[in-house]
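Reader: I would like to go through this model with you. Please show it, and then I will ask.

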Amino acid sequence: TGPAATPLVAFSLSINNNVLFDDAFLSGAATPVAGGFIAGSLEIKGSYTLQFTDVVELGKYQADTKNAMIVTMTGAVAGVVPTMEQITFKLGKLVLTKAPMEYNLDGITYLKQDFTVQHDATDLAISAVVTNSYAGTNYQ
């Protein structure tokens with residue numbers, strides 16, 4: 001967002017906490033009990049595609065002179081009383097896993113980048129927050 005923001009035209013995110021199902025069912029119960037799941041190693045990966053209309057912003061990206069990425073996903077406003085939902089992800093450090101794929105269509109450059117997330121013990125907690133503006137409620 002903002003006047004100088006680079007448009008994000010595609011974004012994918014995969015979060016896998018690798019639950020150890022064998023351990024969850026060791027009690028012999030047909031269904032796991034609350035707290036019975038044991039999370040394995042966290043795996044987060046994804047990709048994004050950015051749209052550059054000029055070489056100045058593309059150059060900044062390629063030179064890594066701007067190193068912040070903020071992605072906000074907001075649902076459509078609906079109903080008589082305007083309501084919407086928003087999802088905010090707070091992740092660890094993005095580690096670029098492949099060279100970016102770059103292509104040009106009619107003078108607009110698109111750059112697709114794959115990534116994984118690195119999370120160290122000293123990093124802040126990873127979170128996903130869903131906010132419903134009508135109810136004013138956050139779900140984490």
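Reader: Leaving aside neighbours within four places in sequence, which residues is Gln51 in contact with?

Author: This is a predicted model, where local features need pLDDT of at least 70, side-chain atom pairs count only at pLDDT 80 or more, and totals for chains, interfaces and linings use all residues. Residues are numbered from 1 along each chain as its sequence is written, and side-chain values use heavy atoms, with hydrogens and water left out. Contact means heavy atoms within 4.5 Å. With neighbours within four places in sequence set aside, the contacts of Gln51 are Thr6, Pro7, Val9, Ile108, Thr109 and Tyr110.

Reader: Is Gln51 buried or exposed?

Author: Gln51 sits in strand β2 (residues 43–52). Strands (E, at least two residues) and helices (H or I, at least four) are DSSP runs, numbered from the N terminus. The classes use relative accessible area: buried is under 20%, exposed over 50%, partly exposed in between (1.4 Å probe, protein chains only). At a relative accessible area of 18%, Gln51 is buried.

Reader: How many of the ten residues of β2 are buried?

Author: β2 is largely enclosed by the rest of the structure.

Reader: What is the bridge partner of Ser47 in β7?

Author: β2 also runs antiparallel to β7, with eight bridges joining them. In β7, Ser47 is partnered by Asp114.

Reader: What is the relative accessible area of Asp106?

Author: Asp106 lies in the loop between β6 and β7 (108–118). Its phi is positive, near 50°, in a residue other than glycine. Asp106 is exposed, with a relative accessible area of 83%.

Reader: How many strands are there in the protein chain?

Author: Along the sequence the pattern reads β-α-β-α-β-β-β-β-β-β-β. Besides two helices, the strands number nine.

Reader: What share of the contacts with a separation of 6 or more is between residues 24 or more positions apart?

Author: The protein chain has 140 residues, with 16% of them buried. Among contacts with a separation of 6 or more, residues 24 or more positions apart account for 60%.

How values were computed: Two strands pair if DSSP finds at least two bridges between them.
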